Amino acid sequence: MSAAAVEHPCDGEPESLLESANRLSEQLPPGYRVEIIGGVITVGPPPDGPHARALTQLMIPFLAAGLHDEETEVLQGIGLWLPGGPEDYAIPDLAVVDADLDEHLVENNCYDPAVFRLVLEVTSGNYKNDLRNKVAAYAEADIPVYVIVDRKHSRVHVLTEPAGGEYNSHEVYAPGRAAELPDSIGAKVTLDVAELVAAGRPRA
């Protein structure tokens, strides 16, 4: 890391929240995810093996449905610029976005929420952030579909119909059920909850 990356200019101006977040990202070991949600810097731990396994398992139905094509893309770890604060941004685990994503870069390698059809999080140790803070943040950004694979409680949440900073529809699926996602993402996708829950658990 260069000295320039950690030193702040001696101009008497306080460091912005975004500058602090980026400096923190450079100082942390690889794998940590730094975001600004509701004007607060949050740090997520590096994903473990089961988290990565669940994320890979999740990609299969999206790819099989043809969502990674000329009209849409299925991407991991892409920055989402949030309207909740002047420097808020999130990095969802997985997203379905319009294929013209590159034309909608806003700032700090983050993109306009208007091109996001779906965002998805697989919970880790900081699961409350995914289940609370990000629900409000993604709803305020009018993300049409927010999916949470809740590894702690062994279930899948599907939130839709954002309005007024909240989701008007919140379905919770336990193992044994199939979570059908809205056609608005661009194709019919059904998630096997039992399969996802099993993928997110450590193997014996």
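The structure is a predicted model, in which local features need pLDDT of at least 70 and side-chain atom pairs count only at pLDDT 80 or more, while totals for chains, interfaces and linings use all residues. Residues are numbered from 1 along each chain as its sequence is written, and side-chain values use heavy atoms, with hydrogens and water left out.

The chain as a whole comes first. The chain contains five helices and 14 strands. Helices (H or I, at least four residues) and strands (E, at least two) are DSSP runs, numbered from the N terminus. Along its principal axes, the C-alpha trace spans about 60 × 40 × 30 Å. A compact globule with 204 residues would have a radius of gyration near 17 Å, and the chain, with 17 Å, agrees with this. The radius of gyration is taken over C-alpha atoms, and the globule rule is 2.2 Å times the number of residues to the power 0.38.

The accessible surface of the chain comes to about 10200 Å², and 49% of this surface belongs to carbon and sulfur atoms. Such areas come from the Shrake-Rupley method with a 1.4 Å probe; for residues, only the protein chains shown count as cover. Of the 204 residues, 43% count as buried. Here buried means under 20% relative accessible area, exposed means over 50%, and partly exposed lies in between (1.4 Å probe, protein chains only). Contacts can also be described by separation along the sequence, a contact being heavy atoms within 4.5 Å. Among contacts between residues at least 6 apart in sequence, 52% join residues at least 24 apart.

The next subject is a sheet. Six strands form an open sheet in the order β3-β6-β9-β10-β11-β12, with mixed pairing. Strands β3 (72–76) and β12 stand at the edges with a single partner strand each, so one side of each is left without a neighbour in the sheet. Neighbouring strands of this sheet are turned by 15° against each other on average, direction ignored. For this and later angles, axes are lines fitted to C-alpha atoms, for helices over the stretch in contact, and angles run from 0 to 180 degrees between N-to-C directions.

Two strands pair if DSSP finds at least two bridges between them. Strand β11 (residues 155–163) and strand β12 (residues 166–173) run antiparallel and are joined by seven bridges. One example is T160, whose bridge partner in β12 is S169. These two strands form a hairpin with two residues between them, and G164 in the turn has a positive phi of about 60°. Strand β10 (residues 145–150) also pairs with β11 in the antiparallel sense, over six bridges. In this part of the sheet, I148 stands opposite H157 in β11.

Helices pack on this sheet. Helix α3 (residues 49–64) touches β3, β6 (94–98), β9 and β10, and its direction makes about 150° with that of β9. Helix α4 touches β9, β10, β11 and β12, and its direction makes about 170° with that of β10. The loop between β9 and α4 holds S124. At 18% relative accessibility, S124 counts as buried. Not counting residues up to four places away in sequence, S124 touches P45, H51, D130 and R151.

The structure holds 10 salt bridges, each being a side-chain nitrogen of Lys or Arg within 4 Å of a carboxyl oxygen of Asp or Glu. In one of them, E35 meets K134, with the closest N and O atoms 2.9 Å apart. Because E35 lies in strand β1 (residues 33–37) and K134 in helix α4 (residues 127–140), this pair ties together parts that are 99 residues apart in sequence. E35 is buried, with a relative accessible area of 2%, and K134 is buried, with 0%.

K134 also forms a salt bridge with E121, where the closest N and O atoms are 2.9 Å apart. E121 lies in strand β9 (residues 116–122), 13 residues from K134, and both E121 and K134 are buried. A network of salt bridges links R33, E35, D93, E121, D130 and K134.

Another salt bridge joins K188 and D183, at 3.2 Å from N to O. K188 counts as exposed, at 67% relative accessibility, whereas D183 is partly exposed, with a relative accessible area of 46%.
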